[in-house]
Amino acid sequence: MDFTLESSEIHALVGENGAGKSTLAKVVAGSIRSDAGSMSLFGQPYQPSSRREAAAAGVAHVRQQLSLVRGLTVAQNLQLGRPGAPAVFNPAAARSEVERWCDEFALSVPAETMVDDMPLAVRQQAEILIAVAWGARLLILDEPSSALGPLETSALIALCHRLRAEGTPILYISHRLPELAELADRLTVLRAGRVVVEGADVRAADLREVANLMIGDVTLLEVSRPEIERGSTRLSVSDLSVSSTQEVGCRGLDFEVAGGEILGVIGIAGNGQESLAKALTGQVKLSSGHVLVDGVDISGSAREAIGAGVAHLHEDRATGLAAAFSVADNATARHRGSRRFTRFGVRLPDKIARHARELAQLFQVHPPDPAARANSLSGGNQQKLMAARELERNPTVLVAHGPTKGLDPEAAKAMRDRCFAAAQAGGAVVVISADLEEVADLAHRVIVLYRGSITDAFPIEDMTSERVGAAMAGLTESAGATSG
């Protein structure tokens, strides 16, 4: 691979999952060593042996799997491992620096909040803030907009343009091709670890042709919404409230989802989406209300939810997978204790590996190696592994939170088709997403969350940017609207 990043440019790097984008980023950022070849940084020979060495040289890598320590505050993360940081942590100075950078770049990152208590979109901002604060001379952003909605994406683009204007070159890895026309200067396309287009002018590029180069025939990606017969109610939510000190909770939610129906849930990041996903899957205790699946109350019990056939695609893969465990362990996690894979309480590794390999091939997880650790896979392949585990059997209820996050166009199409298939099999599907296009493609009905309450609810035919924008800002009169 040959690749050149010019000073004061935003260079987009695109390709299908597993094409080598993140590998290149990790080589530049010192996380892994190349087997051959050489690099130079600002005209000087450059061969970092570690992330610390790369950071000292001014290279900052905001990874797809965000790397801040989740049990520390943003201010503490700012100083942790920082080149030249004082030996004694000064909380007031760190807090002041975070606030100064927030003012400088119009960010909203709480300095003294635990990283684990922040929505993904805010964590993403915190990663970029810390990279800039550390004096990044070259910034690598790996799928930075994958968890962001339109407003947050616009803010990210504005921030990137400002950094470029101040002389910071940016390597921007993304699958969201339409945003690149507004964001980037040049574009490089990878396929199977090789460069197929190098440094093309984004303004002159045909993004449809770029998609063709990434995956082949782009016409195969066109969304075709199948006719699905709506059945009886399978998921019923009444007066659902969740109180949380870690994230925005939910207040008095009422809605139902029938078998064969897909309900879209949208809102600006951090307005109760995570609390709702946890409530629907029995992972949090409710302050009030009930969640019923086929008439069975699963409120506050993950065990009951799993027993009732509830599947959950987590927004955060670090939560949805046991990253340090093997592909086989993750793929068969729902079969724990099953006689199919154990005998007299002893695991049968050959049967487990065979089943995991079959699932990996069915869901196109690459490489389909049962022994590989989950965190050795690319981000998109981790997403597909989680889907393989959750969608192996037709779920009664599927809660899909950002289901196509980090997936290339072909894999995203396959994931949408699996959501349709779950509905066609009679399941109730809830798609929680920051991607409005994804919701428009999938959902039959939509509810909008603002500060944990439903501000609007409507059939997909009535979805307009003006209506969605008003509801996401909490301006709609119908707060607490019921969707049935």
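**Contacts, shape and cysteines**

Guide: This is a predicted model. In the protein, 67% of the contacts with a separation of 6 or more join residues 24 or more positions apart.

Visitor: And what secondary structure does the protein have?

Guide: There are 17 helices and 20 strands.

Visitor: What about the radius of gyration of the protein, against a compact globule?

Guide: The two agree. A compact globule of 484 residues would come out near 23 Å, and the protein has 23 Å.

Visitor: What does the C-alpha trace span along its principal axes?

Guide: About 65 × 55 × 50 Å.

Visitor: How many of the residues are buried, as a percentage?

Guide: Buried residues are 51% of the 484.

Visitor: Switching to charges. How many positive and negative ones?

Guide: The protein has 48 positive and 58 negative charges. Their mean positions lie 8 Å apart.

Visitor: Now cysteines. How many disulfides turn up?

Guide: Zero, searching the whole structure. Take Cys102: the nearest cysteine sulfur belongs to Cys160, 16 Å away. A disulfide needs two cysteine sulfurs within 2.5 Å, so Cys102 is in none.

Visitor: Is Cys102 buried or exposed?

Guide: Buried, with a relative accessible area of 7%. The cut-off for buried is under 20%, so Cys102 qualifies.

Visitor: And Cys250, buried or exposed?

Guide: Cys250 is buried too, at 2% relative accessible area.

How values were computed. Residues numbered from 1 in each chain as written. Predicted model: local features only at pLDDT ≥ 70, side-chain atom pairs only at ≥ 80, totals over all residues. Heavy atoms only, no water. Buried < 20%, exposed > 50% of the residue type's maximum accessible area, 1.4 Å probe, protein only. Helix = DSSP H or I, 4+ residues; strand = E, 2+ residues; numbered from the N terminus. Rg over C-alpha atoms; globule rule 2.2 N^0.38 Å. Contact = heavy atoms within 4.5 Å. Lys, Arg positive; Asp, Glu negative; His and termini not counted. Charge placed at Lys NZ, Arg CZ, Asp CG, Glu CD.
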